[in-house]
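Visitor: I would like to learn how to read a model like this one. Can we go feature by feature?

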Amino acid sequence: MTAYPKRLIEVDLPIARISTHARREKSIRHGHISTLHIWWARRPLAACRAVICASLWPDPADELCPPAFREAAATNLMAFARRVFPEKITEEGRQLASEKHLSPESRGRWERLLQSEKDGLPLDPTDAAHQQVLQGALLDFIADFANWDNSTVPAYLETSRALTQAAHEALGGMPGTRPLVVDPFAGGGAIPLEALRIGADPFGSDINPVATLLNRVLLEVIPKHGTNLSERVLEWGKYIKEQATEELSKYYPPDKDGSIPIAYLWSRTIKCEGPSCGYRIPLIRSPWVAKKGAKRVGVRLIPNNETLDFDIEVVHNAKESDLCKGTVQRGSANCPRCGYTTPVASVRNQLQLCQGGAKDSQLLCVVIVSSGSQGRTYRSPSKQDYKIAESAAEYLESNRNSLGEYLPNEPLPPDGALGYRIQKYGMMNWQDVFTPRQLLALATLSRLCRTVEVSDPELKLAVSTLLSFALSRTQDLNASTSTWANTIEAVCGANRAQNRMPMVWDYVEPVPIGDFGGNWLGQVEWIVRVVEHVALSVVNSGNAQQGCAQEMVLPSNSANAIVTDPPYYDAFGYSDLSDFFLVWLKRSLPESIVAGFKLSETGTSPKNNEIVVNPGAEKDGRGPKGHAWFEEQMAMALAEGRRIAKPDGIGVIVFANKSTSGWESLLDAIVSSGWTVTGSWPIDTERPNRQRAQDSAALTSSVHLVCRPRENHNGSLREETGEWRDVLSELPKRIHEWMPRLAAEGVVGADAIFACLGPALEVFSRYSRVEKASGEAVPLREYLEQVWATVSTEALSMIFKDADAAGLEPDARLTAMWLWTLGGMETNGSESKSSSDRDEKVVASKGYTLEYDAARKIAQGLGVHLEQSDSIVEVSGDKARLLPVSERTRHLFGKDEATTTPRAMKKKAKAKQLDLFKTLDEIEAEAEQTAAGELKPQAGETVLDRVHQSMILFASGRGEALRRFLVDDGAGNDARFWKLAQSLSALYPKETDEKRWVDGVLARKKGLGL
């Protein structure tokens, strides 16, 4: 095997600091590429920027690092330090040295380096100790450069480009060329853009035409035209607004009192099927239209016996009792007049007859802005509102011949396609997703986008393209699947940040030609901000092409780095989701651009070679697309990536799959395609308070697997067989070295498990084949089972520290590991803070859910059979739930009867604190009583049982019973009891009832003399 100098990413990465910047970026809007055009699961720019820098720059402390790079790194970093802390104060230095741009860690390093230079001890790149200093300086620079605030700062940009160029030439690149960074799944363009920003030559490829167009704008269009483009886009955006207003204003008129409607809230309707009823029911999720601060506005339904409709009245300063209730629940419709529930099948059947009901909806209220009033107000619908909407529908229908080419007639994906549910309700064509007035407005804007006239033909195409992106933003807000967020009084897009197209019962229609949220010109301004931001941070251009990752157009051994974020197994139906935009982009973009798209037979995104697991793929001839197909095609794509990578090139493959089957498929594809994994880094990219993260093992991190081609120097695949016993003996050592490193960076739980795959796979993937003594090949899946077991063992040693985890029964080990996987262990073994008052508010836990296969692997790694753990675990379908302590009450204190198993307890839905007390009271009436009449529990069979019993006694305020249980009965004399209790205190999530209860028990320890 030929030795190459390690890159920084193969040695170290400041993941905690990068993660901070990546999380913060989720809340940044102005100028961020996420506002240019919607794409799903786009990587944070902070993470991409840091990872690409660390992948291209060699480690100066590596003995094989080219001296030329060490010298260039020392020169450029010292020059950067002088710009941060110049001898004479400058405006640039003042800016760079501010806390906004410079972290405390880096500040100290730059000051020390400058002071050493003044003292006559300059940075010497030939000295081994100084090389370590140089390594740290590079990592500090990368951590700070990940900051969004530094993404357009000249000092960071110029230094990073100089380092990239120096690394490229030192590693053998031709002078004047730039390192080629390839992303075969370019998607939203984050990776290619950041490669361009730091001075590399990016090549972004994607099978999807929308993604390709987005990458062309970022890599080719904006770099070429710069801020001149933003000026022209704004100029023509205003012109289109004027023309559209002239044509459409009669369909969005002001009220007679001068109030301006800015949005209309609609509801689909069905006919009540109750006996002797027949009322038309508006399908409403919630009667509230505004619940912002003290503002309370809702709607009331008033039966009209003449029309068999419900008249709508808007109620201000409303109370719950003033309003109607939601009329739809889980797809079934409840009639406010007769109380009959029309079942979901009938609701679907009725809506199918009217293509989803967007043309036959009932107006709930109108959002208006009145002169002299502050903020949005609401009024009841009027007959005039319906008359105006009907006039738009009539105009659309009578002018279909002239408007037809601007109306999307492509079919929706088949029913059952990944992420789609609306076909069940009769929406089979893309026109069905929009109301007639929305279709008219969008068709008008589409036509006007094609009227752009600029003397420079290339600039004309660029302006038209970006105006089409503004149309995408507008249509996302103007669909019958867009919603009104009553807590912020704003429109939520139909496809914005979602991986699905669900059915929406009540929806919003904003006024696109208005001057308020959701309007056309507002969307143009979002586009302009992105153009200005990107133009400030790039000096060269890249290349984007539409292509299949399984068949790249690049020559072999040409790429310096393959950095990519592959499709997420069955999480996103990228092509089907993007068709929502594509069908309108085709009608607003210049025809010359559309002619270059590679489309399917139906004129939509190509789907046959899209690498996703899609259960509905067989229905339109692109399937089947199951687990085996995904694994096969992903292996082909990654093998193609290895083909185009140079023998000394590097690969970074990002994955954040939520299912074990998803990431196992990706890992198998990486290994089988000829890559050797050399490291893995979890970068926290998600907000911890998002809904997906609550009480489940969803990854908060994206794990970046670092790979090298398993090739000889001439590019041929290296064949080498490894011994199974050698691999197994090395695995525990690697995990033992790695997990404390992760813990020091705050990486625990599911993120730590997946982050351990890097060092684990480095052992396995260095061989083309691993054999047992019998000569039988070891599949990756079998090795991963060993990885789970090793990680579980190591995690338990961290959880229990000095205690012997093997001395605890299986239920305690499984509970601890389960909670740790969910991200517990913020502290370990520290003194607990008590919450000892019974009347303190308790947040009821509903248990802790894992994907069944992940739970099975955890249990198996601990030597525990999940199916035999039903006293603490409940399995339901593909989910497994660790029962909350409250649901174990009957099992721990009462008679263990068939009717009181944990499964039966779930059906009783005992989630509130009072239910726990009620259960204890019932058991107390049945159980043996002391003279004082208090509950006397029998000691549980295991240490976990006894800890849970004591937690329940504490929670119910039975202090004397708790004392006897711990002292007289001896439960508290077992050292394992307190060690487990302390560990559980660190593992239970904050603000849960279990956390409070176990802390309360721990607080009693000293007072009881234990």
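Guide: Start with a bridge pair. S267 has D506 in β16 as its bridge partner. This is a predicted model: local features need pLDDT of at least 70, side-chain atom pairs count only at pLDDT 80 or more, and totals for chains, interfaces and linings use all residues. Residues are numbered from 1 along each chain as its sequence is written, and side-chain values use heavy atoms, with hydrogens and water left out.

Visitor: How many bridges join β3 to β16?

Guide: Strands here are DSSP runs (E, at least two residues), helices likewise (H or I, at least four), numbered from the N terminus. Two strands pair if DSSP finds at least two bridges between them. Strand β3 (residues 260–267) and β16 are joined by 5 bridges and run antiparallel.

Visitor: What is the strand order of the open sheet?

Guide: The order is β13-β12-β3-β16, 4 strands with antiparallel pairing. At the edges lie β13 (377–379) and β16 (506–510), each pairing on one side only. From one strand to the next, the twist averages 30°.

Visitor: Which helix lies across β3, β12 and β13?

Guide: Angles run from 0 to 180 degrees between N-to-C directions, using axes fitted to C-alpha atoms, for helices over the stretch in contact. Contact means heavy atoms within 4.5 Å. Helix α11 (residues 383–398) lies across those three strands, at about 100° to β12 (362–369).

Visitor: Where is the kink in α16 centred?

Guide: The bend at a residue is the angle between axes fitted to the seven residues ending there and the seven starting there. In α16 a kink of about 45° is centred on F580.

Visitor: What span should α16 have?

Guide: Take 1.5 Å times one less than the number of residues. For the 15 residues of α16 (574–588) that gives 21 Å, and the end C-alpha atoms are 21 Å apart, so the two agree.

Visitor: Is α16 buried or exposed?

Guide: Buried means under 20% relative accessible area, exposed over 50%, partly exposed in between (1.4 Å probe, protein chains only). In α16, 15 of 15 residues are buried. Strand β20 (residues 675–684) is mostly covered too, with 10 of its 10 residues buried.

Visitor: Which residue stands opposite D684?

Guide: S701 in β21 does. β20 and β21 (residues 701–709) pair antiparallel over 9 bridges.

Visitor: What is the phi of S276?

Guide: Phi of S276 is near 60°, a positive value in a residue other than glycine. S276 sits in the loop between β4 (269–271) and β5 (280–282). S276 is exposed, at 74% relative accessible area.
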